[in-house]
Amino acid sequence: MCARRVTPRCRGCGCDPGGGGRGGKHRGKRRPLARASAASCRGAVLPPAREPAWSGMGSAVPSRAPRAEAPLAILRRLLAALGLLLLLGAGDCELHTSCGIQKCTTDFVSFTSHLNAALEDFDLEFCKALRAYSVCTYRNAKVCRGNLVYHSAVLGIGDLMTQRNCTKNGPISSTNSEMTHDLCNYSGHTEAREHQGGEEIPPPTYLFCGLFGDPHLRTFKDHFQTCKVEGAWPLIDNKYLSVQVTNVPVVPGSSATATNKITIIFKSYQDCTDQKVYQAMTDDLPAAFVDGTASGGDENTRGLHIVEKVSGKYIEMHARYIGTTVYIRQLGHYLTLAIRMPQELIMAFEESQDLQLCLNGCPSSERIDQSGYLPLPVMGKLLPWGTASHPRSGYTLETATTKCHEKMLVKDIYFYSCVFDLLTTGDDNFTAAAHSALQDVEALHPSKEHWHIFPRSGNDGVGRDSKFFVSLGLLCLILVPYLYDFFRLLTKF
């Protein structure tokens, strides 16, 4: 006979061997949902109805541990259920090859396999492993949609955390922390690649791009340009990052512009971050992304986060997972930007994404400078572009030079950009913008010997042309006496 207390598994299953008992016959027209043998009835063991069961993982788990071995029993039930679901869901996983739930489960097993319920720190370590498991499932939420194993694991984790009184926030298993740290750290990731196959891989090459002032652009190739580029233009657009700036006219009737809006999109990357969008405008330089958060992905790895240096005036963005750092400042009514990024990531773009000011510079039709150099009074004769039609800037060549020399002692292209901006706009904030731009170069540019760019000494066209004409002039001076004698001989004939 069945036991006197009929379990839910036995009700209505017609498992009374002797034909007696309440479960022996079905009343009315009700048909049994499933048939079970007497042996299966005798083996049916379920917790009392008042205790919560773990629905979705295939086994019921008691909410309290009546004996010291109960936590291990819970763990065994969890692993057995997950193993069964992994087998049942094998076909489903083939349709979700990018789903990492099996790796999450494997890590959880490794974190908990050595735990002993008799030790005092069992609950602490078990909760740390559960939190690590939860973090791993969160990272796979998008790619594992529709995966039965994934959703069962999520339900099971939540139930176990409730039963063991685990808090959602807290330390996670150290092995998992180190693993995710390397995954979301570009330099650590490249260092790990150096040892693959016993071959050494050269360290990554970093490049710098900056935009400031009217605006003045320093490209990833260390070319210096001054452009009009009114409206929205892409600075960077690749597989990992998009940066767009919007420029507006500075002086009415002039083609000179300055940046009043910056939009940055950090694209979704593996387990390190979801897509994050940042937007800054004049008088609105937030220390958060548009969704209100100040970081992307797991807070423990800090793969992407924003640091506010000066409230409303200066922020830094650190994307460690792609080895990228961004500085944004507001000086006066306009914004400046400086960025350092690995070269191999910069070059990861499609053919349709070739319009990138930081990579290829401004189109020739948008250039104000002459082959990389501003028409500045380098030789004491030329006046900056635009000042002839706007002499009310309040600055003369001498006063602008003196003002810029207060901030910048080296007369490089940043110094002359400062002079250009003062004579064009009369706005003292452009002096601070040029000075800050040079500071950002010193902080982010990887090569100290390339921090300063000097007029007529660079690798642009003007430098080469100047050297050519100087050489040609010297050659002519040498040949003049010989040519004179040659023409005298011709006249005799």
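1. Strands β4 (residues 231–237) and β5 (residues 241–249) run antiparallel to each other and are paired over six bridges, where strands are DSSP runs of E of at least two residues, helices are runs of H or I of at least four, both numbered from the N terminus, and pairing requires at least two DSSP bridges between two strands. The two strands form a hairpin with three residues between them, and within this pairing Trp233 lies opposite Val245 of β5.

2. The model is a predicted one, in which local features need pLDDT of at least 70 and side-chain atom pairs count only at pLDDT 80 or more, while totals for chains, interfaces and linings use all residues. Residues are numbered from 1 along each chain as its sequence is written, and side-chain values use heavy atoms, with hydrogens and water left out.

3. Helix α4 (residues 101–112) has 12 residues and should span 16 Å at 1.5 Å a residue, which agrees with the 17 Å between its end C-alpha atoms; the expected span is 1.5 Å times one less than the number of residues.

4. Which residues of α4 are buried? They are Ile101, Cys104, Thr105, Asp107, Phe108, Phe111 and Thr112, buried meaning under 20% relative accessible area with a 1.4 Å probe, protein chains only. They cover an arc of only 160° around the axis, and therefore lie on the same side of α4, the arc being that of the directions from the helix axis to the C-beta atoms. In general, an α-helix has 3.6 residues a turn, so residues three or four places apart point the same way.

How values were computed
Buried < 20%, exposed > 50% of the residue type's maximum accessible area, 1.4 Å probe, protein only.
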